[in-house]
Amino acid sequence: MLKIAPYRIEISDEAIADLNDRLARTRFPWAVTDDWSRGQPIKLIRELVDQWRDEYDWREHERELNRLPHFMTEIDGQPIHFVHVKSSVPNALPLILSHGWPGSFVEFLGLIGPLTDPKAHGLDESIAFDLVIPSLPGFGFSSPTSEPGWDSARTAKAWDTLMKALRYERYGAHGGDAGALVGRELGILAPEGLVGTHLLQIFAFPTGQPGEMDKLSSFEMEGMGNLAKFEKYGGYQAIQSKRPGTLAFSLNDSPAGQLAWNAELWFGFEGNGVEHVDRELYLTINSIFWFTATSGSAANVYFEDAQTGAGYREIPNPTPTGVAVFPDDFRSVRSFAERSNNIVHWTEMPRGGHFAAQDAPDLLVEDIRKFFNGVAVR
């Protein structure tokens with residue numbers, strides 16, 4: 001039986017002062033260009049550094065976060081932090097939400113109310129959820145990483161252990177980015193009681209078979225352009241898959257460096273997220289990474305999955321699976337995904353991007369509710 005204890009976030013005054021001192025002494029690089037062609041532009045990172053140092057109030061956000069019920073446990077030798085919010089609706093479906101990189105449980109704050117208390121948000125209360133929102137191993141308060149080997153498949157097993165320890169006999173899963181890899185591995189694991197897994201991405205690619213591209217819709221073909229941009233700009237994945245230990249020195253020593261590195265996905269390779277990212281939320285997530293010194297260990301998830309293929313391997317996932325595809329993101333292709341997944345629900349969204357819980361929460365809530373309303377009654 002797992003030992004589960006209440007947890008409270010308490011960052012020391014000394015740690016906050018150290019962060020502000022480091023931000024004040026940031027040594028910005030000289031830029032060859034002032035656009036996005038070589039990376040995040042200095043103008044954006046200066047704005048974020050200034051806001052983090054001069055305007056952002058960690059104590060205010062710490063108080064807000066501590067209004068949630070936080071818990072700590074240990075699974076397979078690994079500290080696991082999670083938020084557990086129960087619905088007042090009878091027979092609410094337990095749902096575990098998995099964030100991605102470079103993310104945090106904080107991403108899901110806007111989903112908690114509509115999913116646990118739908119009536120208060122103008123939604124049908126016959127569809128409600130108990131939410132379990134963990135921090136991935138090595139991320140934030142789920143640290144330090146206990147040992148090598150924490151790939152997405154091992155995390156999926158830990159999530160099932162956690163849900164069973166919370167005495168949930170039936171539950172669903174949702175995830176995006178690294179959380180989508182964990183969600184698919186849960187589907188492959190197919191533990192007793194898992195009713196379905198809802199994902200923002202299934203990373204399945206062309207095999208080169210004749211005619212396979214002919215089946216793609218116009219929406220999916222446009223998504224090939226997103227994939228081409230990733231191939232052109234996505235250097236973070238290559239580095240974190242191969243040399244996360246070297247990268248960790250810079251991320252753990254420079255808050256500005258961490259801020260810029262994490263901006264690659266949040267603000268996009270060409271700045272498409274500049275108008276949409278909630279900067280206070282972004283700084284809260286970066287503050288958690290900084291105060292827990294986990295940017296380096298979080299990068300390890302790419303290395304671990306590269307060793308085993310977890311999350312990407314095309315072995316059968318028999319669990320009922322739903323996919324919500326957002327246009328400003330990797331656009332999953334249904335015919336590719338169906339090669340090894342039991343797809344029962346597929347939605348192509350009119351707007352939203354990689355961090356859909358932040359920039360299109362209404363659409364994501366609607367899709368989660370629709371999917372689980374279908375699979376949970378089977």
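**Values set against definitions**

Modeller: N341 has its place in strand β9, residues 341-348; strands (E, at least two residues) and helices (H or I, at least four) are DSSP runs, numbered from the N terminus. This is a predicted model, in which local features need pLDDT of at least 70 and side-chain atom pairs count only at pLDDT 80 or more, whereas totals for chains, interfaces and linings use all residues. Residues are numbered from 1 along each chain as its sequence is written, and side-chain values use heavy atoms, with hydrogens and water left out.

Colleague: Why is N341 called buried?

Modeller: Its relative accessible area is 8%, and buried means under 20%, exposed over 50% and partly exposed in between (1.4 Å probe, protein chains only); N341 therefore counts as buried.

Colleague: What makes the pairing of the side chains of N341 and R184 a polar contact?

Modeller: The two side chains are 2.7 Å apart in this pairing, and a polar contact is a pair of N or O atoms within 3.5 Å, where within protein one must be able to donate a hydrogen and the other to accept it, and residues adjacent in sequence count only if both atoms are side-chain atoms. Leaving aside neighbours within four places in sequence, N341 is in contact (heavy atoms within 4.5 Å) with R184, I202 and N317.

Colleague: How do you know whether Q40 is buried or exposed?

Modeller: At a relative accessible area of 15%, Q40 falls on the buried side and is therefore called buried, although its place is in the loop between α1 (13-24) and α2 (42-54). Its side chain makes a polar contact with the side chain of E264 at 2.8 Å, and a polar atom of that Q40 side chain lies 3.2 Å from the backbone oxygen of G268.

Colleague: Which word applies to A293, given its relative accessibility?

Modeller: A293 has 44% relative accessibility, and it therefore counts as partly exposed. A293 sits in the loop between α11 and α12 (295-308), with a positive phi of about 55° although it is not a glycine.

Colleague: Why are α10 and α11 called oblique to each other?

Modeller: Their axes come within 10 Å and cross at roughly 130°, the axes being lines fitted to C-alpha atoms, for helices over the stretch in contact, with angles from 0 to 180 degrees between N-to-C directions. Angles under 35 degrees count as roughly parallel, over 145 as roughly antiparallel, 65 to 115 as roughly perpendicular and the rest as oblique, so α10 and α11 are oblique. N262, Q258 and W266 are among the α10 residues that meet α11.

Colleague: What makes α3 and α11 roughly perpendicular?

Modeller: The axes of α3 (residues 58-65) and α11 come within 11 Å and cross at roughly 90°, and these helices are therefore roughly perpendicular. W58, H61 and L65 of α3 make the contact with E280, T284, S287, I288 and F291 of α11.

Colleague: Why does N262 count as buried, and what is it in contact with?

Modeller: N262, in helix α10 (residues 255-266), has a relative accessible area of 2% and is therefore buried. Beyond neighbours within four places in sequence, N262 is in contact with W101, P102, Y282, N286, F289 and S295. The C-alpha atoms of N262 and P102 are separated by 5.8 Å, although these residues are 160 apart along the chain; P102 is joined to W101 by a cis peptide bond, with omega about -10°.
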